[in-house]
Structure formats: structure tokens, C-alpha cells
Amino acid sequence: MSKNQHIVPHGDQWAVKGAGNSRATSLHITQQGAIDAGRQIAQNQQGELLIHGRNGQIREKNSYGNDPFPPKG
């Protein structure tokens, strides 16, 4: 089962949180550190990585699952 991984601000750090989880999987000093950790988890679980900015809005999204090719639409 794939679970989306979110990179979100956590105080003055950055957290990797699985979708639906109340607790962070890991905390990182830099956003890039959190992105690297979250990408590894998303690839292992064949899920998506959603990167949020400091304002909480999603600024980037990467999928590592079974995407249809060519994309629909």
C-alpha cells in the first residue's frame, strides 16, 4: 500500500509526515534534508512526495507510483 509523504514546516525545522499520520516520521534542519528522506520513503512505498512551502501550500509534487502512461486528459 502506498502512502503519500508530505514535507512540511515544523517549528524552525522540516518534517517528513506520512499522509494521515499525526506524528512526523523524521525531523530535519533543512528542507532539502527532509526532501531527500521523504523521497526515499515515497520511492520505497511507490507513493507521492508533496513538498510544502513555509506558508503550508504545496509547491511541488512528485509521484513514484504506477502512473498511467500516457497520462489521461
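Residues are numbered from 1 along each chain as its sequence is written, and side-chain values use heavy atoms, with hydrogens and water left out. Because the model is predicted, local features need pLDDT of at least 70 and side-chain atom pairs count only at pLDDT 80 or more, whereas totals for chains, interfaces and linings use all residues.

Gln-31 belongs to helix α1, which spans residues 31-45; helices (H or I, at least four residues) and strands (E, at least two) are DSSP runs, numbered from the N terminus. With a relative accessibility of 17%, Gln-31 counts as buried, a class that means under 20% relative accessible area, while exposed means over 50% and partly exposed lies in between (1.4 Å probe, protein chains only). When neighbours within four places in sequence are left aside, the residues in contact with Gln-31 are Ile-7, Trp-14, Ile-51, His-52 and Arg-59, where contact means heavy atoms within 4.5 Å. Towards His-52, the side chain of Gln-31 reaches the backbone oxygen at 3.0 Å.

Side chains of opposite charge can pair when their charged atoms come close. The structure holds three salt bridges, each defined by a side-chain nitrogen of Lys or Arg within 4 Å of a carboxyl oxygen of Asp or Glu. In one of these, Arg-39 pairs with Asp-36, and the closest N and O atoms are 3.7 Å apart. Arg-39 and Asp-36 are three residues apart in helix α1, so that about one helical turn separates them. Arg-39 is partly exposed, at 27% relative accessibility, and Asp-36 is likewise partly exposed, at 40%.

A further salt bridge joins the side chains of Glu-48 and Lys-61, at 3.7 Å from N to O. Because Glu-48 lies in strand β4 (residues 48-52) and Lys-61 in strand β5 (residues 58-63), this pair ties together parts that are 13 residues apart in sequence. Glu-48 counts as partly exposed at 22% relative accessibility, whereas Lys-61 is exposed, with a relative accessible area of 54%.

Arg-59, which is among the residues in contact with Gln-31, also forms a salt bridge with Glu-60, the closest N and O atoms being 3.9 Å apart. Arg-59 is partly exposed, with a relative accessible area of 48%, and Glu-60 is partly exposed as well, with a value of 33%.

How values were computed
A polar contact is a pair of N or O atoms within 3.5 Å; within protein, one must be able to donate a hydrogen and the other to accept it, and residues adjacent in sequence count only if both atoms are side-chain atoms.
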